[in-house]
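Here is a short briefing to read alongside your view of the chain. Please keep the structure open as you go, and let's walk through it topic by topic.

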Amino acid sequence: VQESRERVRAAIKNSGYAFPRGKVVVNLAPADVPKSGPCFDLPIALGMIALSSSLDGSESEKTLFFGELSLDGSLRHVDGMLGLTARAKELGFRRLFVPQVNAFEATLIPGLQIYGVESLQQVVDFLHGQTDLEPFQAQDLRSYFESSQHPLVDFQSIKGQAHAKRALESAAAGSHNILFNGAPGSGKTMMAKALSGILPRLELSEALEVTKLYSLCGLLPEGMGLIRRRPF
């Protein structure tokens, strides 16, 4: 978070705005909660710009801003966006400004206006009323979740390996752990990939939880929405 001082200063300057003179204190309260990640860059920069130019604050109490700033003022991907969006809805916020690459992920949580933006300049222009932005449409989770999907490895296409397949079936049926041990190339990884194909499908609530974890760890592929397959 401390590194954001340099990113914010450079992004503001390269976006054509003046950084406030003198010492500026940014209070990330509560102080006893550890802060991590670059998602605070965008709101800090907007606070700096608000000191020197008027910004529309009519909806500020119900609006959240998330985004990592590059030195040129463009916005970069933020990990954990799904969890941030879900928490924002719980706290009663109505609209969110997020990096363009995170917008699809953020729309998994219904009931919010999600604006995908590409740069600090674009956000400021919108708040000044100089440009228009259309909120992203919320996804129809149920139809998206229930659409067809294919396992990584089809269990029935594995020839032989009867002993290992029987062990997988027992583990899947009884929710047991399973450990494969054998020489390289004997099929351990292939069998493990096939396991997700014989497990029950994820419930929607489970899929959201899995997707939150993938997003938080930075493992959610860019542009992907809900993870529908049990993870391997």
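S175 sits in the loop that links α7 to α8 (188-195), in what is a predicted model. Its phi is positive, about 55 degrees, although S175 is not a glycine. Is S175 buried or exposed? With a relative accessibility of 68%, above the 50% cut-off, S175 counts as exposed.

**Other backbone features in loops**

- Q161 also deserves a look: this residue is not a glycine, yet its phi is positive at about 55 degrees.
- You will find Q161 in the loop between α6 (141-146) and α7 (162-174).
- Q161 has a relative accessible area of 32%, which makes it partly exposed, as that class lies between the limits of 20% and 50%.
- For a cis peptide bond, go to the link between A29 and P30, where omega is about 0 degrees.
- P30 belongs to the loop between α1 (4-14) and α2 (41-52).

**The sheet as a whole**

- Three strands form an open sheet in the order β1-β4-β5, and their pairing is parallel.
- Which strands stand at the edges? They are β1 and β5; each has a single partner strand, so one side of each is left without a neighbour in the sheet.
- From one strand to the next, the twist averages 20 degrees.

**Pairing and burial of the strands**

- β1 pairs with β4 in the parallel sense, over three bridges.
- Within this pairing, F65 stands opposite F97 in β4.
- On to the next pair: β4 (residues 95-99) and β5 run parallel and are joined by five bridges.
- How many of the residues of β4 are buried? Five of its five residues are, and the strand is mostly covered.
- β5 (residues 113-117) has four of its five residues buried, so the rest of the structure largely encloses this strand.

**T63 in strand β1**

- T63 is part of β1, a strand that covers residues 63-65.
- Its relative accessibility is 6%, and T63 therefore counts as buried, the cut-off being 20%.
- Setting aside residues up to four places away in sequence, T63 touches F93, R95 and F97.
- What does the side chain of T63 make with the side chain of R95? The two side chains make a polar contact, at 2.8 Å.

**E68 in strand β2**

- E68 has its place in β2, which comprises residues 68-69.
- This residue is buried, with a relative accessible area of 13%.
- If neighbours within four places in sequence are left aside, E68 is in contact with R7, P38, D41, S74, L75, R76, H77 and V78.

**Helix α3 against the sheet and against α9**

- α3 lies across β1, β4 and β5, and it runs at about 170 degrees to β4.
- α3 (residues 81-90) also meets another helix: its axis and that of α9 (residues 204-216) come within 7 Å and cross at roughly 120 degrees.

Terms used: Residues are numbered from 1 along each chain as its sequence is written. This is a predicted model: local features need pLDDT of at least 70, side-chain atom pairs count only at pLDDT 80 or more; totals for chains, interfaces and linings use all residues. Side-chain values use heavy atoms; hydrogens and water are left out. Helices (H or I, at least four residues) and strands (E, at least two) are DSSP runs, numbered from the N terminus. Buried means under 20% relative accessible area, exposed over 50%, partly exposed in between (1.4 Å probe, protein chains only). A polar contact is a pair of N or O atoms within 3.5 Å; within protein, one must be able to donate a hydrogen and the other to accept it, and residues adjacent in sequence count only if both atoms are side-chain atoms. Contact means heavy atoms within 4.5 Å. Axes are lines fitted to C-alpha atoms, for helices over the stretch in contact, and angles run from 0 to 180 degrees between N-to-C directions. Two strands pair if DSSP finds at least two bridges between them.
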